[in-house]
Amino acid sequence: MSDNTLTKIKINELKPGMYVHHIDEQSGKVQIKSKGRVTSQAIVDSLKKRGVKTLTIDESKNFTAEGEISSLENNDAASNSTLEQSAVAKKEGEERVSFNKELLRAERLHKRGKAIQKQLLNAVKKGLPFDDKIPREFSQNLVSSIDRNPDALICLTKIREKDDYLLEHSLNVAILLANFGRYLEMSDQEVEDLAYAGFLHDIGKIKIPDSILHKPGRLDEMEMNVMKDHVYYGVKVLEEMSIASHLVQAVSEHHERLDGYGYPNGAREEEISQAGRMLAIADMYDALTADRCYKAGMPSQKALQILLSDTPHKLDAKLVHLFIKCMGIYPVGSLVKLDNERLAMVVEQTDSATAPKVKVFYSLRGNHFLEPKDIDLNASSVTAKIEKPVLASDYNINFNSFFEKSISI
């Protein structure tokens, strides 16, 4: 590459078909480091929204843009994206590792996330300042784990403690969004932003009275109105922390619905950002599958069906379909009953949506735990098949305890 091919331009001069070599000047706290091909006007608009003012292009890498190409305009976009590899690549030095190798590292990260979430909520509750670099750096580490092996952290979203819902929920949503963003082949910065927004999205709930926040049953109308204020409180806190405006917007939209019947602003259709739509999906999915003090979480498959039933009037239909593809029919971490009277945990997706890799751990015939064994249900030599999705509570199994003692070792 010759320096003669590098040209510094203003953001208003950037057009699809150009190759961004690096960002020269931008406003705001979120620094964009990605480089790559500008395949659509949407990418130009995104850079403008993020405060990019001037940038350097490499004219030797200019190309012909084939119209508006978006990962949300084609259900197969995850495999057919035209984004340049350098713009969506994993962080430098992050190599794919096995599920078992990443799991221990992911467990430490998961525990760290809960601790940071607790510190953050306590600070907000007491009206104390909090260094936003801590949750921001954590979000970056979370994305790095997803890059090494997404299944490890996704699996941990299924290991829950009923009394830690508020801590675990925001952490899990951050994990789901990081995984979803990678599936859509978003840039490093966009994926980190999604994870960060997910990690902060329910911060306002600490301002809600415990009698309402932890009520063991359905809220009445007045209580629900108080609960809805958590979005207002969260936005206020994030603005006081000087969090980037596009992240605050995403957090403000996680209960908005496309038909205008969401809250707090009753935003409709295009008034809701893509990040806000994605956050709404991940938030609802995790809430439906979570164990609460007053109810057991539902199987992932049922939760995904509910998401589908809320399209297109409430949730974005294209994004929901992509989220389901991203998670799989049997999401990692979910439990299944095999037709040989064994229980297993899904640990990895395969080419077959109905035959993932699983870790068998329980015999229903003998009603006892087994030494965990990995099985690829898609392998020609394996005859066992999934009979149905199940919950550990269906069989009075303390799966969390067994997971910590055996499977995660």
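Student: Is Gly51 buried or exposed?
Tutor: This is a predicted model, where local features need pLDDT of at least 70, side-chain atom pairs count only at pLDDT 80 or more, and totals for chains, interfaces and linings use all residues. Residues are numbered from 1 along each chain as its sequence is written, and side-chain values use heavy atoms, with hydrogens and water left out. Buried means under 20% relative accessible area, exposed over 50%, partly exposed in between (1.4 Å probe, protein chains only). Gly51 has 11% relative accessibility, so Gly51 counts as buried.

Student: Which residues does Gly51 touch, not counting those up to four places away in sequence?
Tutor: Gly51 sits in the loop between α1 (41-49) and β4 (52-58). Helices (H or I, at least four residues) and strands (E, at least two) are DSSP runs, numbered from the N terminus. Gln26 is 25 residues away in sequence, yet 5.1 Å away C-alpha to C-alpha. With contact meaning heavy atoms within 4.5 Å, the residues touched by Gly51 are Glu25, Gln26 and Ser27.

Student: What share of the 409 residues in the protein chain is buried?
Tutor: The chain has 15 helices and nine strands. Among its contacts with a separation of 6 or more, 67% join residues 24 or more positions apart. The buried share of the chain is 54%.

Student: How are α12 and α14 oriented to each other?
Tutor: Axes are lines fitted to C-alpha atoms, for helices over the stretch in contact, and angles run from 0 to 180 degrees between N-to-C directions. Helix α12 (residues 274-289) and helix α14 (residues 317-327) have axes 10 Å apart, at an angle of about 55°. Angles under 35 degrees count as roughly parallel, over 145 as roughly antiparallel, 65 to 115 as roughly perpendicular and the rest as oblique. The pair α12 and α14 is therefore oblique.

Student: Which residues of α12 and α14 make the contact?
Tutor: Both helices contribute side by side in the list. From α12 come Gln274, Arg277, Met278, Ile281 and Tyr285, and from α14 come Leu319, Val320, Phe323 and Met327.

Student: How are α5 and α8 oriented to each other?
Tutor: The axes of α5 (residues 133-148) and α8 (residues 188-200) come within 9 Å. They cross at roughly 120°. Therefore α5 and α8 are oblique.

Student: What is omega for the cis peptide bond between Thr311 and Pro312?
Tutor: Pro312 lies in the loop between α13 (300-309) and α14. A cis peptide bond joins Thr311 to Pro312, with omega of about -5°.

Student: Is Glu341 buried or partly exposed?
Tutor: Glu341 lies in the loop between β5 (335-338) and β6 (342-348). Its phi is positive, about 65°, although Glu341 is not a glycine. Its relative accessible area is 24%, so Glu341 is partly exposed.
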